[in-house]
Amino acid sequence: MKKNKINRDIPTEYLGEFQLFEGAFHNRDEYQRASGCVKAIQPGEEKMLSNIKEAIQKTGLCDGMTISFHHHFREGDAVLNMVLDEIAKAGIKNLKLASSSIANVHAPLIEHIKNGVITEITSSGLRDEVGAAISRGLMDKPVVIRSHGGRARAIETGEIKIDVAFLGASSADAYGNANGVKGKAPCGSLGYAKVDAEYADKVVIITDSLMPYPNTPISIPQTRVDYVVEVESIGDPSKIASGATRVTKDPKELMIAEKAAEIIINSPYFKEGFSFQTGTGGSTLAVSKFLSEAMKENNITANFALGGITNQMGVMLEQGLIKKLIDVQSFDTGAIDSLINNDHHYEIGADFYASAANKGSAVNQLDVVVLSALEIDTDFNVNVITGSDGVIRGASGGHCDTAAAAKMSMILAPVLRGRIPTVVEKVNTVVTPGETIDVVVTELGVAINPLRQDLITHFKEKGIEIIDIQELKEQAYKVAGTPQPIEYGDKTVALIEYRDGTLIDTVNNHEG
């Protein structure tokens with residue numbers, strides 16, 4: 001074992017492929033951008049194929065290759081399961097799955113792992129049944145968890161080399177021009193699919209709504225697409241907005257959201273032309289509502305809002321409170337409608353959004369980001385991957401990307417969830433390092449990272465009461481008791497990669 005910068009033990013067997021995390025801004029990439037293999041299409045040649053089976057054959061998919069998918073349909077996705085079933089029937093084994101995220105709807109993946117179809121996984125997250133199965137030690141090789149920006153970076157640099165990308169699109173024409181805003185199952189932005197389409201050797205567009213040529217707007221262009229397959233259904237758009245993407249009605253969470261809005265309003269960044277992003281937790285979404293009211297009262301307009309876009313942000317755009325929306329993922333039908341109907345609502349790729357390796361991603365322009373957490377420790381490290389039982393049940397998402405880049409990063413969380421402490425001495429798993437977290441907002445008070453003495457001074461001058469994060473932890477332990485250490489096994493089941501490609505933590509097997 002070797003310890004990284006935040007004193008997390010990293011098994012030395014993985015330090016040939018990965019480097020130790022040495023700090024949020026220690027690494028600065030300089031590299032030759034990767035590229036995909038191109039086989040020219042001649043005049044008169046067709047890209048339309050009869051079914052997914054034929055697409056698997058035409059792409060030359062074989063044992064040991066890497067395949068990718070996107071997660072814009074979230075719990076409504078039908079593409080990943082559909083394709084993996086056909087791959088299994090074809091007898092192809094030992095594939096590496098490089099999906100942008102994995103949801104509970106993808107539980108059939110467990111059998112494909114058991115049967116040797118999938119033997120490696122890299123993804124932003126593992127939800128519910130899949131996460132629990134991985135935590136129990138299902139796979140021989142550990143899953144590599146990457147943030148959205150980290151995944152884009154790894155694809156850009158060639159660390160993830162995609163052989164075949166199977167990309168669901170709400171509509172496409174027979175030549176491959178695809179988008180997520182038309183058709184019978186709109187999902188909105190195809191931001192996480194864009195980077196796959198650009199760098200994969202073979203790209204297959206799977207759609208249930210075939211359109212006349214040219215299908216516009218063009219999110220994924222024909223120049224990146226090898227084949228097109230029409231199927232009966234690619235997914236259920238009504239399941240895009242899961243429980244995690246609905247504004248809370250819980251009084252405690254609303255109180256936290258109101259406190260957070262107060263912090264933003266009294267911060268140095270709340271001024272004409274500021275920018276912000278809110279996460280997908282119930283309380284973080286509620287911040288947008290409180291913020292919009294303050295913006296109206298103070299006659300302040302935001303230049304842009306970024307990230308996963310929600311209906312609330314679409315409403316603020318229509319009201320003129322936000323000048324532009326920059327959308328990597330549409331989180332609900334209201335956001336999809338906004339992307340379709342408003343010319344100031346822009347779709348971007350994951351590399352544009354949050355890669356740490358390119359010539360400047362959008363997160364670098366953020367003033368404020370509002371995020372949620374499963375746990376925060378007294379060093380301000382944040383866990384969004386493993387639950388209090390040590391089981392993988394979450395996703396890295398853009399958490400560490402936005403926290404590192406924004407001028408003020410905020411974590412919203414209750415001190416206790418039920419009788420389980422959220423503010424703890426040491427989080428189970430570090431996804432976002434404490435040096436990049438500025439403010440923690442709870443129902444019992446607001447803590448500010450001592451590294452941000454400028455903010456501490458500013459808020460004290462504004463009359464905002466600041467509490468030490470140790471006090472928040474002690475109050476949690478006073479009610480719930482000191483949490484017992486989790487007894488993990490000896491098998492590493494997940495490697496947590498920071499956005500710069502270094503290992504920030506690992507997860508060992510645990511039954512939960």
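**Figure 1. A three-strand open sheet with mixed pairing runs in the order β11-β10-β13.** Edge strands β11 (178-179) and β13 (210-211) each have a single partner strand, so one side of each is left without a neighbour in the sheet. Strand β10 (residues 171-173) pairs with β13 in the parallel sense over two bridges. Ala-172 has Leu-210 of β13 as its bridge partner. Strands pair if DSSP finds at least two bridges between them. Strands (E, at least two residues) and helices (H or I, at least four) are DSSP runs, numbered from the N terminus. This is a predicted model: local features need pLDDT of at least 70, side-chain atom pairs count only at pLDDT 80 or more, and totals for chains, interfaces and linings use all residues. Residues are numbered from 1 along each chain as its sequence is written, and side-chain values use heavy atoms, with hydrogens and water left out.

**Figure 2. Eleven strands form an open sheet with mixed pairing.** The order is β3-β29-β28-β8-β7-β6-β5-β9-β12-β14-β4. At the edges stand β3 (19-20) and β4 (48-49), each pairing on one side only. Strand β5 (residues 66-68) pairs with strand β9 (residues 164-169) in the parallel sense over two bridges. Ile-67 stands opposite Val-164 in β9. Helix α6 (residues 191-199) packs on this sheet and touches β5, β9 and β12 (202-207). Contact means heavy atoms within 4.5 Å. The direction of α6 makes about 145° with that of β9. Axes are lines fitted to C-alpha atoms, for helices over the stretch in contact, and angles run from 0 to 180 degrees between N-to-C directions.

**Figure 3. Helix α5 (residues 148-157) packs with α6 at an angle of about 5°.** Their axes are 10 Å apart. The two helices are therefore roughly parallel to each other; that term covers angles under 35 degrees. From α5, the contact uses His-148, Arg-151, Ala-152, Ile-155 and Glu-156. From α6, Tyr-192, Val-195, Asp-196 and Tyr-199 take part. By class, this contact has five nonpolar, one polar and three charged residues. Nonpolar here means Ala, Val, Leu, Ile, Met, Phe, Trp, Tyr, Cys and Pro; charged means Asp, Glu, Lys and Arg; the others, Gly among them, are polar.

**Figure 4. The largest nonpolar core has 117 residues.** Such a core is a set of buried Ala, Val, Leu, Ile, Met, Phe, Trp, Tyr and Cys residues joined through side-chain atoms within 4.5 Å. Buried means under 20% relative accessible area (1.4 Å probe, protein chains only). Leu-61, Ile-67, Ile-87, Ile-118, Phe-166 and Ile-205 touch the most other members. Leu-61 touches Ile-56, Ile-67, Ile-87, Ile-92, Leu-95, Val-164 and Phe-166, not counting residues up to four places away in sequence. A second, separate core of 40 residues includes Ile-256, Phe-276, Ala-302 and Met-410.

**Figure 5. Helix α2 (residues 79-89) has buried residues Val-79, Leu-80, Asn-81, Val-83, Leu-84 and Ile-87.** Just after α2, Gly-91 takes a positive phi of about 80°.

**Figure 6. Strand β22 (residues 408-412) is largely enclosed by the rest of the structure, because five of its five residues are buried.** Met-408, Met-410 and Leu-412 point one way; Ser-409 and Ile-411 point the other way. In a regular strand the side chains alternate between the two faces of the sheet. Strand β19 (residues 368-372) pairs with β22 in the parallel sense over five bridges. Val-368 stands opposite Met-408. Strand β26 (residues 439-442) also pairs with β22 in the parallel sense, over three bridges. Ile-411 has Val-440 of β26 as its bridge partner.

Key
Buried < 20%, exposed > 50% of the residue type's maximum accessible area, 1.4 Å probe, protein only. Parallel < 35°, antiparallel > 145°, perpendicular 65-115°, else oblique.
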